[in-house]
Structures are given as C-alpha cells and as structure tokens.
Amino acid sequence: MRVTIWGSRGSIAAPGPETLRYGGNTACVSVTGADATLLVLDAGTGIRRLGASLSRIPPRIDVMLTHLHLDHILGLGFFPPLRTPGCAVHVWGPASATLDLPARLGRYLSPPLFPVFLRDLECDLTLHEVPCPPIRVGEFTIGADLICHPDPTVGYRVASPDGVLAYLTDHEPALGVPDFPASPEWTSGYAIAANADLLIHDAQYDDAEYAVRQGWGHSSLQHALAFAQLAKARHLVPFHLDPAHADDELDRRLRRLIDDRRPDFAVMAGYEGREFVVSQGTVTTNG
Amino acid sequence: MRLMAQKAIEVILARQLASYLGLPVFIVDPDGTLLFYNDPAEAILGERFAETGELPMAAWSTRFRPTDVDGSPLPPEALPLVIALQERRPAHRDLFIEGLDGQRRHIEVTAFPLIGQAGRYLGGVAIFWELSG
C-alpha cells in the first residue's frame with residue numbers, strides 16, 4: 001500500500017515562500033494498492049496535482065470525503081477523472097440529518113460557486129453515503145465512522161494485506177475531555193485508529209493555540225501524539241497543518257515534541273510529495 | 001472489517017456535554033443499560049457514578065424505588081426514560097425516588113430518545129431536577 005500526500009494544509013490553501021517544503025495545498029492523500037486500486041482521501045486543492053500525475057486515467061477511482069468543508073472538496077472540479085467519459089468515479093461522503101450527499105455536494109458543484117453542475121460531469125459518477133458497512137474496493141477494505149468535528153465528519157480506516165492506514169484529518173477527540181485521553185471506549189476516533197500501522201491525524205495547533213480554539217474541530221500536536229499512543233499506532237503523521245505555520249516553525253514544533261515526549265513510535269512530517277509504503281506492517285518513506 | 005469497540009460519537013458527545021452541565025443528566029444505551037450520569041445527578045441519586053458503573057435497565061429502574069405522588073410504586077414502563085426507549089418519543093412526568101443515600105426526593109424528569117445521524121437509534125437521555133428540597 002503506497003500512501004502519498006498531495007496536500008496537508010488545513011482550512012485554506014497557503015502557497016508562498018514560507019510554505020515551500022511542507023506545501024500549501026489542502027487535504028488530499030492517495031492510496032494505491034499492489035493491484036493498482038486507487039483511493040483518494042479528500043479532494044482539497046492537492047487533488048489537482050494528483051490528477052496531473054496520472055499517466056492514464058484508471059477505469060475506476062474512489063474518492064473518500066471525510067466531510068464537506070471547502071478545504072476538503074475544493075479540488076473536485078479540477079480532478080480530470082471526473083471529466084473523463086467512461087471513468088467510474090465513486091464518491092463517498094457523509095450526508096447530514098436533513099440533506100443527502102448529492103444535495104450537499106451540489107451546493108458547491110453548481111453556479112455561482114462552480115460553472116458545472118454535479119449532474120453534468122462526464123464520468124460515470126456514483127455517490128455513496130458514509131458511514132456504511134465496510135466497503136470493499138480492490139484489495140482494500142475501508143471502514144468509516146463518525147468522529148468529533150463540526151458538521152457530520154468521518155474518519156477512514158483502510159486495511160489491505162500490507163497493513164492498516166487510519167485517516168483522521170479533521171478531528172478533535174480532546175473536546176470536553178480535561179484529562180485527555182480518556183478510555184478508548186469513550187474516545188472519538190479510537191475505533192478507526194486502533195493498532196494502525198500508519199495514522200494520519202489532525203495536528204493543526206500547539207497547546208497554547210488550542211486553548212483559545214477549543215470546539216473548532218481540530219487537535220494540537222500534543223493531542224495527536226496522545227491519541228496515537230492511546231490507539232497504539234505505529235507511525236504518526238501530523239496533518240491538517242495550520243495555514244499560518246511556516247516550514248521552519250513546523251520543523252521546530254515537531255522536533256520539540258519528539259525531544260520532550262520521546263514517543264515509542266515514529267512521528268514523521270507530513271509534507272507534500274511524501275510517500276509512505278506500508279508493507280507487512282512496516283512503513284518506509286521517501287523522505 | 002470489524003471496528004474496535006467504541007461508543008458512537010453522538011453518545012460520546014452527549015456524555016461530554018453532560019459532564020459540563022449543571023443539570024442532572026442520565027444516559028442509557030438502546031437496551032436501557034446505564035452508560036453515564038453526571039455530578040449533579042449524583043447529588044440526587046445519592047451515589048457516585050464511579051461506584052455505580054454501568055447498570056442494566058432492570059436494575060436502575062427499580063433501584064431508586066420510584067413512586068407516584070400518592071406513594072404507589074411505579075413500574076418501569078411508567079418511567080419517562082423507559083417510555084422514551086420503548087416508544088422512541090420524548091416523555092415527561094414528576095415522581096418520587098429514593099436515593100441510595102436513603103433520602104426521598106420529588107423530581108421531575110424529561111427523557112428523549114437519542115437518534116443519531118442517518119436515524120441511528122443510540123439510546124436515550126433523561127434530564128431531571130428536584131422539585132422540593
């Protein structure tokens with residue numbers, strides 16, 4: 001299972017000289033199986049480069065949306081497979097209590113926000129609502145579960161014969177938990193992340209920033225680490241990076257956290273273009 | 001794929017909200033098993049949740065000896081939370097209970113079923129308050 005980060009920024013794209021190394025694109029991660037099955041986790045602005053990297057449009061692509069905040073769907077209209085006749089694109093995402101997924105996605109993919117209607121995309125589009133029973137796509141089995149974030153939001157657990165990836169990009173498990181982390185049973189996202197080989201998790205803030213942004217739906221780097229420890233994840237990639245945090249600052253924060261806490265698992269920076277290969281429970285990276 | 005045991009997010013958030021409220025709150029799962037009650041509820045029920053732990057409905061529905069205003073015992077099916085669970089609708093009434101500290105208290109209870117995303121039935125919540133000291 002090859003996991004590639006195409007965008008790890010949260011909230012809004014943040015291009016500029018100060019974000020060159022980590023990148024400025026919003027959330028998008030591709031997961032490719034040994035059988036060439038392609039999953040796309042979220043469709044932030046990073047999905048444009050993923051689309052441009054495809055040497056050919058595969059016959060089927062599954063786009064797994066965690067939720068429908070703009071930084072996770074903004075790139076959808078710029079993903080070539082959606083405009084390719086004959087390509088089967090399956091988009092998975094949460095409905096709300098009052099609107100189904102087509103109606104919610106259609107609010108973005110329609111004028112005046114976008115010139116093309118969802119129904120006019122040339123691909124063979126199928127929409128699926130999550131959470132739902134485990135999804136089988138190629139060699140992957142995917143579980144989705146609602147997690148703590150404003151508006152319906154899911155995390156995904158992608159299992160393959162090579163190992164398990166957990167993707168919890170917008171997640172605030174510490175909300176209302178003064179002694180975080182609580183027991184696993186009472187911790188949002190635990191079921192998705194338990195014993196994952198690779199955990200990609202929200203780490204937008206540090207503790208001081210989190211103190212004044214509680215309830216915004218995101219985690220501090222310290223919370224991400226504590227959550228990974230609770231879940232017994234083997235590798236952690238901090239994700240959903242704050243647009244105001246420059247490369248050098250992100251490096252400093254990560255180094256300080258590792259020096260202070262000395263976790264018994266690897267914590268690896270989640271910059272654009274970084275690839276992780278999960279094979280037989282081990283994780284290697286190109287960075 | 002079978003996910004590890006974890007409460008539904010709606011139940012986790014209900015507990016977190018309850019733990020911050022000054023109003024007594026009692027949360028049960030779809031079978032009626034007590035999952036949590038908060039500090040203000042402990043003051044009325046007369047026992048800390050940490051000591052009570054999870055309790056099946058048959059235990060909590062009789063443990064507090066509920067009666068009507070005339071002192072007649074109330075069967076479980078007359079309790080608002082049991083009605084909310086069995087009929088999946090809000091229910092309300094006043095009644096007397098005997099706390100585990102032996103004190104008899106006149107309380108008012110409002111209960112509602114906990115319906116989550118996609119109509120998932122996740123249990124029920126009761127809020128209650130003491131009418132007389």
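**Model.** This is a predicted model: local features need pLDDT of at least 70, side-chain atom pairs count only at pLDDT 80 or more, and totals for chains, interfaces and linings use all residues. Residues are numbered from 1 along each chain as its sequence is written, with chains lettered from A and ligands numbered from 1 in the order in which they are written.

**Sheet.** I looked up the strand order in chain A. Seven strands form an open, mixed sheet, S7-S8-S9-S10-S11-S12-S13. Strands here are DSSP E runs of at least two residues, and helices are H or I runs of at least four, numbered from the N terminus. Strands pair if DSSP finds at least two bridges between them. S7 (135–137) and S13 (266–267) of chain A each have a single partner strand, so one side of each lacks a neighbour in the sheet.

**Strand S10(A).** I then checked its partners. S10 (163–168) runs parallel to S11 (198–202) of chain A, with four bridges. S9(A) pairs with S10(A) in the antiparallel sense over five bridges, and a hairpin of two residues joins them. Leu165(A) faces Leu198(A) in S11(A) and Val158(A). Six of the six residues of S10(A) are buried (20 or more other C-beta atoms within 10 Å of the residue's own, C-beta atoms being placed from the backbone).

**Contact.** Contact means C-beta atoms, placed from the backbone, within 7 Å. Chain A gives 23 residues and chain B 15. S8(A) gives the most to chain A's side, four residues.

How values were computed: Two residues are in contact if their C-beta atoms, placed from the backbone, lie within 7 Å. A residue is buried if 20 or more other C-beta atoms lie within 10 Å of its own, exposed if 12 or fewer, and partly exposed in between; C-beta atoms are placed from the backbone.
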